[in-house]
Amino acid sequence: MMTSEQYVESLRKLNLKVYFMGEKIDNPVDHPMIRPSMNSVAMTYKLAEMEEYKHLMTATSNLTGKQINRFCHLHQSTEDLKNKVKMQRLLGQKTASCFQRCVGMDAFNAIYSTTYEMDEALGTSYHKRFVDYLKYVQDNDLVVDGAMTDPKGDRGLAPSEQEDPDLYMHIVEVREDGIIVSGAKAHQTGAVNSHEHLIMPTIAMREADADYAVSFAVPSDAEGVIMIYGRQSCDTRKMEAGADIDLGNPEFGGHEALVVFDRVFVPNDRVFMCCEYQFAGMMVERFAGYHRQSYGGCKVGVGDVLIGAAALAADYNGVPKASHIKDKLIEMIHLNETLYACGIACSSEGTQMKAGNYMIDLLLANVCKQNITRLPYEIARLAEDIAGGLMVTMPSEQDFRHPEIGSVVKKYLVGAKGKATENRMRILRLIENITLGTAAVGYRTESMHGAGSPQAQRIMIARQGDIEGKKKLARAIARIDESLDK
């Protein structure tokens, strides 16, 4: 496995095509806007080096028998599924942001089982190709950007009905040695920090959409791949000279990018679906299930930090013993642990797939994500309530450090006796960062739309909820005579 330092150096060797705010970024690794997100990914390597975390951060590969980073692992038991969630909570606690490797891990497990069943039904050879690819990823301890979401254009039209075919990733040409693809993947978490892009279809497909049923992998610096770095709230603070306090979280962050594929060639050994539209829905559903489980870990870890920050804000404000403050903190803990319980529950009820790896309970995973679309917003609201209005009206760090007015800022922003004004500012900026700033992308809006928007989970809950089975239970208890209804 790579060390965190080796990971950073491995990114320097890539010839990435990255654009940000109208400029081509020649050195993404050291760019002040990008570096904090890379630090978050590096933590997935650093913790794997530490003895006390190896039971969560590493696993034994079922493909090679070697010790690997859990982010490259195929789940072999319900214990693996639970350890995944526990690992994600740990990383959320350590970074208070998105650490960006979950999507690749969830894609590995979805594609592994889908290609197995696709080969079984159609006589194709995609599964062996994917196994060989995953061995390569495991042996080199790579970060892989799992990519599902297409721009989609007019949501009322199918992929093949779009005015511009590139609004969904599609096959332009099938050659003897591989395929040519064009299109884009949107909202790609950690794309610039990844060695590889692993592509999946974004929705279930009909026969008319067969060219859009495609799964493949390419290096991040493959010819024709362009990444356009996304904006985040308050992001340019990272580019201010000497910025520290105002960042809230100076070391860690997340990022998303629009990844464009302009006639990219994919060799056959990296193609895992090519027009098999019948299996697009299976791959999408399985990936979505795994990723909805993921949120029961990562969002909970960030929630732990936010709860701690709110409690510290109460200390600095001088009100830690106020009954309503205690009650709000209890409510935040209750909501956060409810999310964790859902992540652990869907893992505990997992089952083995035909391919051998384990799948979470889909109904409970969708319940987990449905709660994620709501409860972090309430946790954030309570944190803002406890923090107070100063969180969003506070003067800048430059004013605090100013030789003339700095003493004035220090005097009037003072809180509880014996508490440093600077520390009060720091904790308020951290709450701002998670609830309104750059980390709010991962903690708030991603909680709503990541791994599918709320309606997507409700559709799956309706499908998995077995209403007819529940009716049968009620009929039996009530002694319903159905012949009377006719």
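This is a predicted model: local features need pLDDT of at least 70, side-chain atom pairs count only at pLDDT 80 or more; totals for chains, interfaces and linings use all residues.
Leaving aside neighbours within four places in sequence, serine 215 is in contact with Ile111, Ile199, Met200, Pro201, Arg270, Val271, Phe272, Met273 and Met283. The residue belongs to strand β9, which covers residues 214-219. Is serine 215 buried or exposed? Its relative accessibility is 0%, so serine 215 counts as buried.

Now, please turn to helix α14, residues 421-435. Its 15 residues, at 1.5 Å a residue, should span 21 Å, and the end C-alpha atoms are 21 Å apart, so the two values agree. How many residues of α14 are buried? The count is 12 of 15, so this helix is mostly covered. Among the buried ones you'll find Met425, Ile427, Leu428, Leu430, Ile431 and Ile434, but also Arg424, Arg429 and Glu432. And what do they pack against? The partners are α7, α10 (375-387), α11 (390-393), α12 (397-401), α13 (406-412) and α15.

Two of those partners, α7 and α15, also pack against each other, so let's look at that pair. Helix α7 runs over residues 280-317 and α15 over residues 440-449; the angle between them is about 140°, and their axes are 10 Å apart. The two helices are therefore oblique to each other, and their crossing is left-handed. On the α7 side, the contact is made by Tyr295, Lys299, Val302, Gly303 and Leu306, and on the α15 side by Gly442, Tyr443, Glu446 and Ser447. Sorted by class, that gives four nonpolar, three polar and two charged residues.

Thanks, everyone, and I'm happy to go back to any of these views.

Note on methods
Residues are numbered from 1 along each chain as its sequence is written. Side-chain values use heavy atoms; hydrogens and water are left out. Axes are lines fitted to C-alpha atoms, for helices over the stretch in contact, and angles run from 0 to 180 degrees between N-to-C directions. Helices (H or I, at least four residues) and strands (E, at least two) are DSSP runs, numbered from the N terminus. Angles under 35 degrees count as roughly parallel, over 145 as roughly antiparallel, 65 to 115 as roughly perpendicular and the rest as oblique. A crossing is left-handed if the near helix is turned anticlockwise from the far one by less than a right angle, and right-handed if clockwise. Contact means heavy atoms within 4.5 Å. Ala, Val, Leu, Ile, Met, Phe, Trp, Tyr, Cys and Pro count as nonpolar, Asp, Glu, Lys and Arg as charged, and the others, Gly among them, as polar. The expected span of a helix is 1.5 Å times one less than its number of residues. Buried means under 20% relative accessible area, exposed over 50%, partly exposed in between (1.4 Å probe, protein chains only).
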